[in-house]
Structure formats: structure tokens, C-alpha cells
Amino acid sequence: METNPPSFPKSRVRALPISPITPSQTHKSQSSPLLLLLFFLLINLTPTASLLIQIPNLDHLYSDHCNDVVPKSETHPKWFLTTLSVQDIGFHSSYFTGGDRFFNHTSGSDSKALIFRPNFVARTLKDGIFHVRGSMDLQSLLGDSTRRNLKLVNFRGPRIPVRRGVVRFRLDGYYSESDKKLCMIGKSRSMYNAGPGYVILKLNYPKWSSIYDSLISGSLESVVSDKDDGENYFDAIMVLAFSVKHSYGYTFVGEDRMSSFPSSVESVESIGLRNLNDSNGGLCRLLGNRLERFELVYGSECRGGVSCNPLGGDVGYVPSSLVFYGTRCTEGRKMQMLLGFSNSSGDEYLRFPFVPSTTLIAEGEWDEKGNRLCAIACRILNFTESLTGALVGDCSTKLSLRFPVKLSLQNRYALVGQIWSDKKMSDPGYFSKIGFQGLSGWLVKLLGYKYEYSVTGNLRKTCVEKRAGKGKGKKYPEEYSSDMKFDMRVSNSRGQVAWGYSSPLFVDDDRIYGRRFWDKPQETEVPSRQKKSHSSPMNISYKLSFTRGAQIFHDVFPSKAELAAEGIYDRDYGNLCMIGCRHVSSKEQNLINKDMLDCSVKIDVHFPPLDTKDGQNVKGIIESMRNKSDPLYFEHIEFSSTSIYHNQAAASITRIDFEIVMVLISNTLICAFVGWQLYFVKKNPDVLPFTSLVMLTVLTLRYVIPLLFTFEAMLAPNQSNQSTFLGIGGWLQVNEVMVRLILLVTFILHLLLLQLTLSSRQGVNSQKSLMDSERKVLYATLTLYITGALITCSVHQWMNTHQNSYRPFHRNLRRVTNIWHLVHPQRSLWDDLKLYAGFILDGFLLPQILFNLFVNSGERALSCAFYFGITMIRLLPHAYDLYRARAYTRLLAFSYIYANPKTDFFSTAWNIIIACCCLLFAAIIFLQQRFGGRCILPKIFRHSTVYEYEKVPVISNEEL
């Protein structure tokens, strides 16, 4: 894990660009005294302005609850001349008990954190008293997700942002320098009542600054003392925190302390600080203010007793990982640190888990002779009964760590070390030597590691034999590109599924692991990469980690779900051949197992071409090279990628931009076509009665449901941005309000057209016959629509029952990556009915055709722009879908905005069928309005007893 702990708030000062002063600008320098005076005025006005944002009833509450702890004092005119900084009193590594009211009762004590952030410190008129303002957060410590995605897609969340498990208090009070005490009155931001909801924060700071004086204790209490007031009362929260005061005196550093450490007898050569490229930073740049997690390695002497448990037997588990946090570092070689033991191997920690029972406070110094960091750690004692009595003691734990010179298949760790007890074996709290190791991208980057390949020579011949003519001439991912990283969906022959992640460490001698997209290659790397880019195959090393569901593959990963691999990548054919090593448990241990490496694992991976359009993805196989009779043999497992290429994601972003524009243009054009129809009937009012009401109703209902479900988007425009992030290119914000406004205008125009048509039939002599024909149209269309809905339900039931691959009207999605099935699970009946509703809209002219048949009307009721224009708008998505299927990959089909497969039938077959039907309907309307409503029928059926309507002139009131 490579996460920086949160730093304390800093002043937000905007840096202005400084331009060289030219002779023509010298006259402007006369204003500098005025600007300087204005600057000092703003500084002196800052406390006055900040006083405007106060906690109600602060003076009264502070006098009642805090004045006896730290007396209140007025702010000094030169308030900014203070010797106290926000870092001296703030903290973020803390532990507390209580607070069940604010958190889930099932949350463990190690899953919560308390952070105190002072943001204002001012000198007062009384010496040694400082006015302090700040905030305190009670929040959940663990993250919500442990799965790592290469390309992440985030959809719009709730319109009102909610931070789960976070309670923030706004605090105001005073600090005493002599007594080292702080008392503040606070109010929760979630409580808006004037009287209740207030809290009291009391903290006791250490009077000295050393490893023994590193703890801050105190309490957070409710002002309300009545327990019956359940809304605002809560039991006192006891706080224990780690102090990060600027001034600090080291206790366990010096030559006398170094001599107590045993001489380094490691056989592997280590890196010294003098060998670092950045000699100024030294150890501070490597581990200072860094949060890293290392796995613990227990020796063969551990046979089930507590002598191998650094926490003793009371915690109930044997820790599997060590969390390291460098709290302070000086002179490039002296360091204070926090050590935390955990039984979790995940990267879920966002900050150091400060739990007294599992935390050690250590300090040490770099040993130049042994090229190692030697440190002494102390435990936190006397915290079980009350946190106010906690103290630092029992400094009998020692630690050493070093940085190996190079990495290899058997040694993948950038940092290795040991931790042990200096007590006698018979003393309580003794534990034997425990190793720890970790691969940190930060350390790999700074230390300039090189990789030593060992087995690639034997693989080169095997990989060359796999070359096939089918891959020649196509372009595959470059060795140094981010496309070489991919997520994995792993499965075995029994159908069990797990998830994992693969990332290259080195390509030849060039580091890939830990490199971010903003990191630029060093000047020495560019020429070597250009030279190597013309050669293929190339050496490459990988790390394969398996996360969610990996426990079901216990036969493959009995100890740790991880593979270290190295091999050959052939860019000309997209083949990656590797030999891997896995951790297996030794049979000699029973409780705490020492791992050994099984390097008889073969990994074959094939990358699809960069320009693939048919949903191909990375595929691979992991198999054992041992005989089936070997105890370490395992059944092969297959994996496929759930990731996409960099160019595919970039093309998808461009496609989304285009589709947004197409949605806006289409809705705008429909609005224009309906407006043109209104203008047309205004010029020709006689044709209004001959427009089908069923057709207008179908077109109007198309806008009702979207507007009902998203009407709040027009009421809260600032909170209606849909955000889609594809891992590259940044956030893409789509303003839904504009789309909804256009839909609303179009809906109103459709309603107006419908109302005008109804009103026009009120004064027609043959109104009854027109309504009879409209009724026949309604019966006929409802019969067709209901029949189609029943067929849709039957097909849906049949497809879900048989689960076969014969789907003539759907694209074959079996070759599409598994990300489709993650985002689009099996369609429900309602989803298929929505597709059918889109199909009905495609044939919106059917009711008008039937109406013309029953009425036998040859009136030009619809303008050409209306029926032909809307027909083309309905056809364009299907034409675009045919193009999109060949120009873009379907891996991101869930991001389709225009021609959305959730709104209509989209496939090659359906696109052709719908296009032909729509054009046929438009042609029929054209013929009916030119030659009569029954011109499409044979002559024998053109005459009927149905009334033929004669156009009646509309007489206005003025003519009467």
C-alpha cells in the first residue's frame, strides 16, 4: 500500500505569476506601499472576519464548562505573533472508545478514527493562552472496496452528497501553554437546534517531547447531562492520540544504542544511503511520512506457541502484516515511526490504524556500516481501564530493515527486515525473530531497482515456437504501455470464479511498477527504449494478484493468492510466455506456516490486437508443469481480462462526446419538426381533423415517462450532472438539464398539436364518423401492440429458459468481455418491454396509415417535414449503430448514450428490418396524401360502404 496520510490544513495562498519589470512598467512600482498597507489591513481584519462565524451561545457555554480548565482571554492586536502552530495541537492518528450513537454497534474499535484539525490559532492578551478554532471528525477507518479496477466507471450517485460514517464537529476554545491543556466547545454540523447538540472537548497534551511523552489523552462529552434526552445526549468518548509536535528529542539514537544491535550477517547485498540519487533526502525521502504495509514471515521455530506472536496471546489472532508509518524524520537518517500489527493482508487502510493493543511507537537511526535502519520500539501500556492513564513503556522490541540491491523472481521485495524481542525467552512478552517484507512502488521508483532475469533463456525457444501466421501484420500493445496491465476474471473447470489484477514490474531493465501516468521517463531511459522498441521478443516480469473469491482456489494458492512471474513478450504476435512462482505452505509447521516457493508454474497470455472491434479480450492460462502424482500439482485455471485498451477508452470518450451532440441535435430537430407541423396546420386548418389522435398520443407518451422520473433535474440544475469516468481523459460531465428542457418543450408542442386536433373535430359535421374511424384505429393498433407484447414476453421466457446461443435478432455477446455481464446482467421482462416500446415508436406512422384507410382520406394532414423528418430521426440511431458496431469496440456498450440498446431493438437484423419498415410507412403516407387513403389496396377493395368525407369549410365567428 502506498497511501500518504492526510496532512494538516495549510494556508490557501494563491501564487501570482511574477513578470520581469520593463522600463515601461516602472511607474507601477509606486503602488507597492499601498498594496503592502492593504495586505497588513487584511491580516488584521482576518480575526474580526473569522469571529463572524461563531458557535451560538459560545461565551455562555465556555464559561460554564471550560473556563475553569483554560481561562478565556481576549484576542491580542498582534494575534498572528504566536509560538503555537496547528501541528503542535492537531492529530490524525488516534483511538477512542464509545461513540456507539454515531457508529454501527457492530463496528470494531479498530475500524474507527478520530481526527482533530485546528485551522486557526491566535495569541491572546494573557501570556500562554491561545485562541483555537478547528474541526473534529469521527469517521470510519476502513475503505468500502478492495477490488482494483484498471478502467473505472462511476455513475451519478445521490443528488445530495452523503459521507457515510462521518460526524464532524465545529470547535472553538482556548489552549494553555503552561498547563498543556485544551478546552473547546463544539457543535455537530448535523444538529441544527439552538440549545442542544453541543459538545465539550478536553485534551491533555504531553509536557515534554520524547518517545515517552508521545500521547494525547482527553474526552469528548455532551453538554446535555440528561440521559433521557436521547436526541442529543451521548456517553463520553475517551480519546487517545499520537502527538506530532514540531520539537522532539530522540531517546534511542546514538552510537551506544547502535552497538546493542547484532551485526548484520545478511548474505544479500543492501543499498546504502550514499548510493541514492537524491542524497539530500536520504532516509526521510524514502520512508518519511509514508504509510506502507509489509507482510510478516514467521520462522520454522514457530510451532504454535505465543512466543512467535508479537502481540501475545490475548489478542486472539496471529498478525499477518505490519503497517509502517514514518511520523517524523530529521537529518536524513533519524526517524520516529509507528508500527501496527494486523491480521488483514488487504490494502484497505486509508490511514494508520492506531489501536493501543496493536501499536508500537519506535525511533531509530540509519546504520551506515550495515546499510540498515535500526530502531527500538515501545508499547502502549495501562490503557485497558482508562485511556487517561495510558503511557509509553516496555521498550524491549527491536527492528531492523534494509533495501536489497536488486530484484529477481525469488526476491520481489524492495524492503526486507526483522523484528524481535530483546527479552529473555522465559520473560513474559517475549517473541522470537519475525521477518517482514514488502514491494513498494515508491521505493522501487526512488531506489532505481534493476531486475535480474533467471529463466527467460529457456522460454525464448518455447515462445518462438508459438508464433502463428494469424497474428502477423497486426498491431499489439507496446511493452511499456499501460495496456499491459489488466484485470482478470479467473475460472476453473468446475465453474468457480475469482478476480485478480496483473501488472508488469520491469520491461528489460526499465521499471514499470509504481509508475504513474504523469511520471516521465528519465533522460537515460528514452534512448534505450527507442532502441529496444525495434526488438521483439523482450524480457518482462509480472506480478499477478488475486483478490475477491481467491479462497476457492485453495489448491492453487494455499498460502497467498499471488504469483511472481517473468518471461518473454512477443509484440509482433501478442504472446506472453512466463514462468511463475507461487507460495505454498510447508508441511512441517502446524499453526504458523513458513512459506516456500513453487516455481514450476507456467503462464501463457495472449493479447488481442489494438484495433479489435469484435469484443476480444486478453486471455490466458495458468498450469502446473509438475506430474499429476506430485503433491504440488494443481488443475489448470483460465483467466480473461475485464479491462480495455488505452486507445479504446480514448475512442470511447470521443464517441460519447459525439453521441451527446447527436442526442441534443435529434431532440432539437424533433422539436423543430413538430413546430413546423403546428405552423402547417395554422396555414391549413382544414386538414387538422384528418390527423390521427392515436398517432399523436403515441408520440406524446414517449416524453411523459422520462419527464416524470427526472423532473427534479429542472428544479436542481447544479446537482444533475451525470459523470462518467473511464480511467483516462478525466471526468466527462453531461448536463442533463438541457436535454430535459428540450424534451419538455417538445412535449408541450405535442400536447398543443393534440389539443388542436381534438378541437378541430368539434365543429366538423361528420364528427361521429371520424371518431368511429379513430375508434377502429385504436382497436386495431391495440390488438397489434398487445400481440407484439405477448410475443415479446414469450420470447423472453423462452430465451431465459433454454439459455442457448441462437438469437437471430441479437448480436452474439459471448465473445464480449465479462465487463458486459457485470454492468448488464440478464435482462428482465421489463427491460425487454421497454425495447418493444421503442419499436412501437419506430412505427409511429402506423395509426395514421390505418386512419387514412378507414377514412379514405387524401388530405395532406401531415407535412412532409413532420412525418419524413421524424422518420429519419428514428432511423439515424439504427444507421449509427451499424457504423458503431464496426468502428468501436463493444466492451463499453454500457456507456452508449445515443442509440442506447436499452431503449430499442439494436442489432444488425433489427436495424435493417426497422429501417425498411420506417421508410415503407413514410412512402405509404406520401402515396395516401397524394392518391387517397386506399391507394395502396387493390382496386377491388378501394370502394367500401365506409363513409367518405367531404371537406367542409371552417367558418369563423367574424364571417357569421
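Let's start where two helices touch. Y867, F868, T871, L875, H878, D881 and L882 of helix 18 meet T908, N911, I914, A915, C918, L919, A922, I925, F926 and Q929 of helix 19. Contact here means heavy atoms within 4.5 Å. Sorted by class, this contact of helix 18 with helix 19 has 11 nonpolar, five polar and one charged residues. Ala, Val, Leu, Ile, Met, Phe, Trp, Tyr, Cys and Pro count as nonpolar; Asp, Glu, Lys and Arg count as charged; the others, Gly among them, are polar.

A word on the source. This is a predicted model, where local features need pLDDT of at least 70 and side-chain atom pairs count only at pLDDT 80 or more, while totals for chains, interfaces and linings use all residues. Residues are numbered from 1 along each chain as its sequence is written, and side-chain values use heavy atoms, with hydrogens and water left out.

Back to the helices. Helices (H or I, at least four residues) and strands (E, at least two) are DSSP runs, numbered from the N terminus. How do helix 18 and helix 19 cross? Helix 18 covers residues 864-887 and helix 19 covers residues 908-931; their axes come within 9 Å and cross at roughly 165 degrees. Axes are lines fitted to C-alpha atoms, for helices over the stretch in contact, and angles run from 0 to 180 degrees between N-to-C directions. Helix 18 and helix 19 are therefore roughly antiparallel, a label for angles over 145 degrees.

The loop between helix 18 and helix 19 holds A899. A899 is not a glycine, yet its phi is positive, about 60 degrees. Most residues other than glycine have a negative phi. Is A899 buried or exposed? At 5% relative accessibility, A899 counts as buried. Buried means under 20% relative accessible area, exposed over 50%, partly exposed in between (1.4 Å probe, protein chains only).

N289 also has a positive phi, about 55 degrees, and is not a glycine. N289 sits in the loop between helix 5 (282-287) and strand 9. At 38% relative accessibility, N289 counts as partly exposed.

Eight strands form a closed barrel, in the order 9-10-11-12-13-14-16-17, with antiparallel pairing. The twist averages 30 degrees from one strand to the next. Two strands pair if DSSP finds at least two bridges between them. Strand 9 (residues 291-298) and strand 10 (residues 321-330) have five bridges. There, L291 stands opposite Y325.

Last stop: strand 6. Five of its seven residues (198-204) are buried, so strand 6 is largely enclosed by the rest of the structure.

Definitions and conventions: Angles under 35 degrees count as roughly parallel, over 145 as roughly antiparallel, 65 to 115 as roughly perpendicular and the rest as oblique.
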